[in-house]
Amino acid sequence: MRVKSSNLTIRVMTYNIHHAEGIDGNINLDRIANLINSSRANFVGLQEVDRYANRSNNLDMVLELARLTGMYWAFGKNLELNNGDYGNAILSSYPILNQKNRNYKMIRSSERRGLLQVLAKFGNKEIVFMNTHIDHCIDDAESISNAEEIKESINSHRNSPVIVCGDFNKTPESPMVKEMELDLTNVSTFDDRPFLTYPSSNPETQIDHIFTSKDWKIHSVEILQSLASDHLPLVAEISLNG
């Protein structure tokens with residue numbers, strides 16, 4: 001089992017793994033796991049995760065990544081794909097007490113999307129970690145509707161510190177990101193420099209984000225370089241206030 005943080009400071013990663021297909025066209029879970037291990041992340045939100053799909057050699061990706069990283073895991077299925085399942089996954093250094101997957105109210109989107117949520121034991125506290133992948137095809141009205149559903153889910157955990165991450169398919173200046181920032185802290189505002197996550201071979205924009213409730217203090221934010229996917233992972237080190 002991965003070593004846990006010794007105090008109230010943790011590291012959080014969001015990473016769209018593109019079903020573990022790298023820029024070289026090869027599917028390789030080992031390099032995804034190596035990147036997670038080297039990051040020392042305690043909570044990892046993964047998007048575009050396959051389970052038993054033909055296109056990814058029928059691998060149970062979340063179970064295999066949990067084995068390679070020594071972490072607890074959760075999976076939220078959003079749709080069936082290539083005779084398997086496709087959705088979001090969470091890896092956690094801390095025991096997962098419960099999990100649920102909320103399907104968004106899709107208005108005009110072509111793909112079902114959802115919000116995977118886990119409650120984890122963190123010292124003497126329970127914290128909520130959420131992971132999502134927003135459809136790139138939707139307009140601002142629908143993406144803001146998704147943001148409102150995220151915040152509705154957050155409000156159902158009113159007494160717990162919350163972290164929300166994912167591939168939002170929206171840039172920092174977009175209405176959806178601004179909507180999220182009304183109630184949450186965007187870790188990318190920690191520094192004036194840009195945190196470009198896409199595409200991994202020549203990053204031009206940021207569409208992957210981490211948000212926290214006001215319970216958290218941001219210590220550092222970084223982008224990890226890798227060609228194991230078409231996205232780059234965003235990692236933040238944060239701690240609970242008080």
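Mentor: Six strands make up an open sheet, ordered β3-β4-β2-β1-β12-β11, with mixed pairing; strands are DSSP runs of E of at least two residues, helices runs of H or I of at least four, both numbered from the N terminus, and two strands pair if DSSP finds at least two bridges between them. The edges are held by β3 (72-81) and β11, each of which has a single partner strand, so one side of each lacks a neighbour in the sheet. On average, neighbouring strands of this sheet are turned by 20° against each other, direction ignored.

Before going further, note that this is a predicted model, in which local features need pLDDT of at least 70 and side-chain atom pairs count only at pLDDT 80 or more, while totals for chains, interfaces and linings use all residues. Residues are numbered from 1 along each chain as its sequence is written, and side-chain values use heavy atoms, with hydrogens and water left out.

Consider β12 (residues 234-240). Strand β1 (residues 9-16) runs antiparallel to β12 and is joined to it by six bridges; threonine 9 has serine 239 of β12 as its bridge partner. Strand β11 (residues 216-223) is also antiparallel to β12, through seven bridges, and here isoleucine 218 is partnered by isoleucine 238 of β12. Strand β12 is mostly covered, six of its seven residues being buried, that is, under 20% relative accessible area with a 1.4 Å probe and protein chains only (over 50% is exposed, in between partly exposed).

Elsewhere in the sheet, β2 (residues 43-51) and β4 (residues 84-92) are antiparallel and share seven bridges, among them one that pairs arginine 51 with aspartate 85 of β4. Helix α1 packs on the sheet and touches β1, β2, β4 and β12, its direction making about 155° with that of β1. Contact here means heavy atoms within 4.5 Å; axes are lines fitted to C-alpha atoms, for helices over the stretch in contact, and angles run from 0 to 180 degrees between N-to-C directions.

Helix α1 (residues 29-39) also meets helix α2 (residues 61-69): their axes come within 9 Å and cross at roughly 50°. That angle makes α1 oblique to α2, a class left over once under 35 degrees is roughly parallel, over 145 roughly antiparallel and 65 to 115 roughly perpendicular. Leu29, Asp30, Ile32, Ala33, Ile36 and Asn37 of α1 make the contact with Met61, Glu64, Leu65, Leu68 and Thr69 of α2.
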